[in-house]
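Good morning, and thank you for coming. I would ask you to keep the sequence and the model in view while I speak.

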Amino acid sequence: MNRFLLVFEGVGMALESIRSNKVRAALTIAGVAIGVFVVVAMGAVVNGIRSSFQQDLEQIGATTFIVQRRSSGISGCDGTDEKCPDRSNPPISFAEWEMIKRIPGVENVIGVLGGGGNFAYRNSRVDNVGYDAYSVEWPSVDASDIFPGRNFTRTEYDGGTPVVLVNDTLKAQLFGESEAVGKQIMINGRQFTVIGIYAPKAGFLKSLQGKGPDTPRAIIPIQAAVRSLDVSRNSLSLLVRPEKTVTQGEVMDEVLASLRARRGLRPGDRATFYLVEQDRLMDTFNQLFGAIFAVGLALSAVALLVGGVGVVAIMMISVTERTREIGVRKALGATSGTIRWQFLVEASTMTTIGALAGLGLGALLAWVIRTNTSIPAALPASIVATALIASAVTGVAFGMLPAMRASRLDPVEALRHE
């Protein structure tokens with residue numbers, strides 16, 4: 001019970017010390033607050049980005065994997081053939097696409113190409129608009145809503161019919177408030193018919209790729225893009241979705257074996273293509289943002305160190321100013337442990353106030369990001385707990401020297417102090 005009373009007493013003395021030494025206390029609290037803010041802000045943003053990234057991958061499908069020409073990981077390529085062997089990989093061909101479709105256990109295979117150009121309707125023109133060239137099955141791996149209008153049909157796709165879907169942003173820039181479906185627009189000087197308006201779901205991965213809802217963008221059938229817009233087939237990627245009755249690993253093994261056989265690769269030869277499952281994409285994400293978060297932790301540690309030095313300084317001054325008081329308390333029976341505990345509580349109180357200020361600023365930043373971007377930034381409980389524990393440990397660690405000094409004061413000498 002005495003310990004609880006000492007805690008309350010130590011908190012009260014810490015608050016009194018802050019009131020009487022406003023500048024010194026403010027600098028100490030600011031150092032801790034900045035350190036905690038960096039940790040909390042980085043944690044909230046990284047956690048939000050990871051959540052959004054995970055949602056984007058789930059939209060594609062838990063077992064869907066990608067067949068592509070080059071690696072999507074962090075490879076350390078420096079531009080040389082030795083460090084960048086992927087550059088010599090042949091592109092994924094349309095014939096290989098058709099072959100993969102026929103592999104047992106494959107539900108469907110969605111082809112993806114990319115391009116860009118200028119879009120025009122009468123006197124309205126939007127330059128540098130990116131578009132995705134897809135096969136018919138693209139809605140199965142994209143959560144975009146199409147309204148008004150529709151997706152292109154198999155007949156339109158096979159025939160290379162020049163049709164296009166535009167997103168809400170591009171529609172507004174070309175047509176304003178007027179109806180868009182059924183209108184003829186020009187894409188790089190070629191006429192296309194608008195058949196639908198699609199609204200992509202907000203997500204970090206789409207925003208990173210420039211495919212977010214606020215970016216003007218379009219979707220075109222691959223055959224129309226190749227025939228009418230001269231889009232190169234060399235960047236073709238495939239999204240392979242296995243049937244529910246088979247595992248991802250079984251289908252990936254079949255695709256791997258089929259592609260190696262078609263390309264004439266011997267058992268010891270390096271694969272000239274890549275199969276990328278979602279776990280590998282998440283590993284790449286964790287590598288990238290793990291490094292960013294580590295830098296944030298280093299900056300936070302520096303700020304906490306500054307705050308800790310401030311704790312030592314202000315507590316040493318407090319010990320000097322209260323030497324006579326300490327002598328009186330010891331003369332009345334207070335033990336060295338009691339004095340030490342009280343000063344540690346006082347130091348921890350100051351760092352905890354700084355931590356709460358940092359948490360408040362971090363929560364405010366997370367709210368601003370969450371309400372103004374597609375990143376669902378939020379404070380995970382683990383980050384909050386870590387911040388509070390780190391601040392308390394900082395208070396104890398840097399408050400130990402002043403606390404030990406106070407507890408070792410000789411009561412007789414302390415009473416003589418002026």
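This is a predicted model: local features need pLDDT of at least 70, side-chain atom pairs count only at pLDDT 80 or more; totals for chains, interfaces and linings use all residues.

Asp269 is partly exposed, with a relative accessible area of 27%. On this scale, buried means under 20% relative accessible area, exposed means over 50%, and partly exposed lies in between, with a 1.4 Å probe and protein chains only. The partner of Asp269 is Arg266, and their side chains form a salt bridge with 3.6 Å from N to O. Arg266 is exposed, at a relative accessible area of 59%. A salt bridge here is a side-chain nitrogen of Lys or Arg within 4 Å of a carboxyl oxygen of Asp or Glu.

Residues are numbered from 1 along each chain as its sequence is written, and side-chain values use heavy atoms, with hydrogens and water left out.

How many salt bridges does the rule give? The count is eight. One of them joins Asp127 to Arg125, at 2.7 Å from N to O. Asp127 is partly exposed, at 43% relative accessibility, whereas Arg125 is exposed, at 53%.

Another links Arg154 with Glu137, whose closest N and O atoms are 2.9 Å apart. Arg154 belongs to helix 4 (residues 154-158) and Glu137 to the loop between strand 3 (124-134) and strand 4 (145-149), so this pair ties together parts 17 residues apart in sequence. Arg154 is partly exposed, with 37% relative accessibility. Glu137, Arg154 and Asp158 are linked in a network of salt bridges.

Let us turn to the helices. Helices (H or I, at least four residues) and strands (E, at least two) are DSSP runs, numbered from the N terminus. The protein has 13 helices and 10 strands. Two packed helices are described by the angle between their axes and the distance between the axes. Helix 2 (residues 22-60) packs against helix 11 (residues 336-372) at an angle of about 35 degrees, with the axes 7 Å apart. Which kinds of residue make up the contact of helix 2 with helix 11? There are 19 nonpolar residues, four polar and no charged. Ala, Val, Leu, Ile, Met, Phe, Trp, Tyr, Cys and Pro count as nonpolar, Asp, Glu, Lys and Arg as charged, and the others, Gly among them, as polar.

Finally, the whole protein: buried residues make up 46% of its 418 residues.

Conventions
Axes are lines fitted to C-alpha atoms, for helices over the stretch in contact, and angles run from 0 to 180 degrees between N-to-C directions.
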